[in-house]
Amino acid sequence: MAMGKGQPLHFELDDDDLKLFCEEADEQLELLDAALVQLEGEHEPDLVQQIFRAAHTLKGSSATIGHKKMASLTHAMESVLDMVRQGKLAPGAHVVDTLLLALDALRVLANEVVTRIDSGTTTERLEADLHAILAGEAEDDLPLAAVSEAPGAPGLTLPPPSIEAVLAEMDQGRGAYLVEITVSPDSPLPGIRCYQVLQELDAVATVVHTVPERILIESGGGEFSLTAVITTNVDDEHVTAALAIVSDVSAAKVRSLTPEELAGGVVQTTAAQAAASPAAEAARPRLSVVEADGPHPAARPAEPRKATQSVRIDVERLDGLMNLVGELVIDRTRLQQIREHLAPFMKDGNLTELAENFEETTSHLARITDELQEEIMRSRMLPVRSVLSRLPRLVRDVAAKCGKKVDLQTAGEETELDRSVIEEISDPLVHILRNAVDHGIETPDERRAAGKPESGTVTVTAWNQETYIYISVKDDGKGIDTGALRRKAVERGLVARETADSATDDTVLQYIFFPGLSTAKTVSDVSGRGVGMDIVRTNIERLNGQVTVRSVKGKGSEFIIQLPLTLATTKALMVMANDTVYAMPLVSVTEALSEEEADIHSVAGRKTLRLRGRLLPVSDLAAALGDGRSGLVEGPRFVVAAKHSDRQVAFMVDRLLGEQDVVVKSLGDVIGNRKGLTGATILGDGTLGLIIDTASLVSEQAQLAAIA
Amino acid sequence: MATNTETTAGPSSAEEHVVIFRLAEEYYALDIQAVQEIVRMQNITSIPGSDPWVEGITNLRGRVVPVIDLRRRCSVSVNEHSPETRIVVVSSSNGMVGLIVDAVSEVMRIPADQVEPPSSIVSVPANTYLRGVAKLDDRLVSLMDLAGVLPSEEPAYAEEGEQAVAA
């Protein structure tokens, strides 16, 4: 095998296996990431079991595909975790640190399976560290109380219906047996072996009851022991022979059962089998419940997850379904238009019944299509948990780097949002969180001096309201120094002195989003030089979202990100300018009125709209986008007032076409990112409308007006 | 003439399998592998402020497809749309793109020995999208290189990295 960075690697798996491997590996790695961080604080037997099992699974799959480095590293991790599980080792900071570092290496190694190129990651150091921990050189103190395994039942308890079923079969002359299987601890694929055992049993007998449950075994969650009660016509030797076919089975016992034993309800098993909590439960990092205040709804206590039936589905397939539904929606609109056109002709007496049928059918179609669209959209929704689960690790790392003590609390992780939004929300969230820890929370000394608890608290809460999702990041740190912000903004030439002086604190807080502002005295390499917030805001607004900040000096700050539930569709005001239909996302539209009603004056040669006490610069929408034609559409025109952050402008358009949900389609790469446009949408008649990037357009027009 | 150094992209290097179309008075050809379909002229939504050869975007069975006017792109005189005007939909590294042509005439296999390098015949600018000229019985057909004719990729926004600012 070629060694060294950049060398090609070879693994034993085909494309389908690759996909499976990656999905499983991702799942286990993510689980480990969230759970390991919690390991430090909590003494949770379940948690340790989950972590151990995750490492074990990874070891198995990497060994199966021949990734020796990865298998070896996971093996070392597993050994350490085993010690923790048995209570022989306390998971102190050093142990968790080493495990987390090993986890990082595992991620890179797992990626090698995809790239098939050696990443050059060396694991010798990590393995040495892990072995050192095993050898008892860990610095940590008292071992935990032994993680007690769930008390093994002295025997197998049969549910009454099963007992009856077995007894009934025995009446008919079949034999009942207790089958106990042990899978060799070295087996890399215990789940598969258990499944095979079950299959073999099914072939020769009726399997009445199993521990663990059939569903679990069939989904590959079986472990190293399997117990079953079966009825069959063949004898026990036959059964034993059938089981012998399955590899890795180190022991198989088949014992016949008597009716008396069964009637007692408890069947004696050979050993107290440790029944650890079912493997099906996906790990959920322990989350503290947060007291809600203000506009946030009360955070619900973390509920135990029910094992749900689920199907893995390719994201591409879901996207494909979305597209199809989108087309269906367009046709539905078309049908309704046709129906309207036909209405006068259907008034003919002969056609009344036909008209009614047509009416009924199109209405029904419309309803079904709407429901279908909603269902598909919901199926693309994921709980925001997947984003929030990365955060404990992040906070831990950043806090350590900055020498701060920070406690992270999260709530609302079951809040769902569209896959497209989840991908986008991660970066801004991470950035804001980094800032909160780095700049917001004070050092333990500072906090003590201020009479605050040494450990700062950052709370991340997610919730839905109407068609938006809100994520709040709140810290109890030192708040934002508006005085310093004012000064810096003027110094950097971003704001005129008079403006800064007369601005309210709230307005000054918004300066934090201006590019080039950093009030941190030292540049920390953690969150960069403070130029990130403007990019955070730009990115969020590009998604038709908003980010706002509140802060009280000495008490803390809160950032609230608002995003539409889905990027796939957006509610928009449809307008026409010249011969093109444009969609203006409603989130940015404040008002639409006719030219007559509008209070428009000329101020220093510029058209200005007076609206609710503000003066808005007015420009022609088509012209602002680069379409210089005019006079194509006759008749009275309309004015649309739009906003972005705290800036407001107004646009002249030729027609208002109403509000509707538009399906967002990308303009593609050939045209590139057109200024002022974020995409296209298919209109009811099959032609295309253009979706406006209100944020950039408003900014631009506001700036032009300011310069003039 | 027998020494033809122009090689075709496909495995059958002995001939070019192409779609021949007309721009104004001249004939051009595109490798048939690249052509997805050919449709009649349909409604195209123009994009304000776009380059002159970008005609706009159109709806192709639910997909938004950008459309380029090949005549403008190749600096050929632009005629009014006639019933023969077509949109040739090709697949490129940037997805599907529609190309407006004056007419599509035929699909043909051209033996490699009938193809000459472009430099001998045309002036420099055209070289970026011409990869050869085929001499047929009755006319010359310019073999077009799709990669050269489509606008090249440019990053739309500058890299969104953290720009260093003097503290």
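**Two pieces of a predicted model**

Hi everyone, let's start in chain B, where Phe21(B) sits across from Val104(B), a residue of strand 8 of chain B. Before I go on, please keep in mind that this is a predicted model.

So which strands are we looking at? Strand 1 of chain B, residues 15-23, pairs with strand 8, residues 103-111, and the two are antiparallel, with 8 bridges between them. Strand 1 of chain B also pairs with strand 2, residues 26-31, again in the antiparallel sense, this time through 6 bridges. Phe21(B) takes part here too: its bridge partner in strand 2 of chain B is Tyr28(B).

How many residues lie between strand 1 and strand 2 of chain B in their hairpin? There are 2, and Ala24(B), in the turn, has a positive phi of about 55°.

Now over to chain A, for a pair of helices. The crossing is left-handed.

And who makes the contact? From helix 3 of chain A, the residues include Leu73(A), Met77(A) and Lys69(A), and from helix 4 of chain A they include Leu99(A), Ala102(A) and Leu106(A). By class, this contact has 11 nonpolar residues, 1 polar and 1 charged.

Thanks, everyone!

Note on methods: Residues are numbered from 1 along each chain as its sequence is written. Chains are lettered from A and ligands numbered from 1 in the order in which they are written. This is a predicted model: local features need pLDDT of at least 70, side-chain atom pairs count only at pLDDT 80 or more; totals for chains, interfaces and linings use all residues. A crossing is left-handed if the near helix is turned anticlockwise from the far one by less than a right angle, and right-handed if clockwise. Helices (H or I, at least four residues) and strands (E, at least two) are DSSP runs, numbered from the N terminus. Two residues are in contact if their C-beta atoms, placed from the backbone, lie within 7 Å. Ala, Val, Leu, Ile, Met, Phe, Trp, Tyr, Cys and Pro count as nonpolar, Asp, Glu, Lys and Arg as charged, and the others, Gly among them, as polar. Two strands pair if DSSP finds at least two bridges between them.
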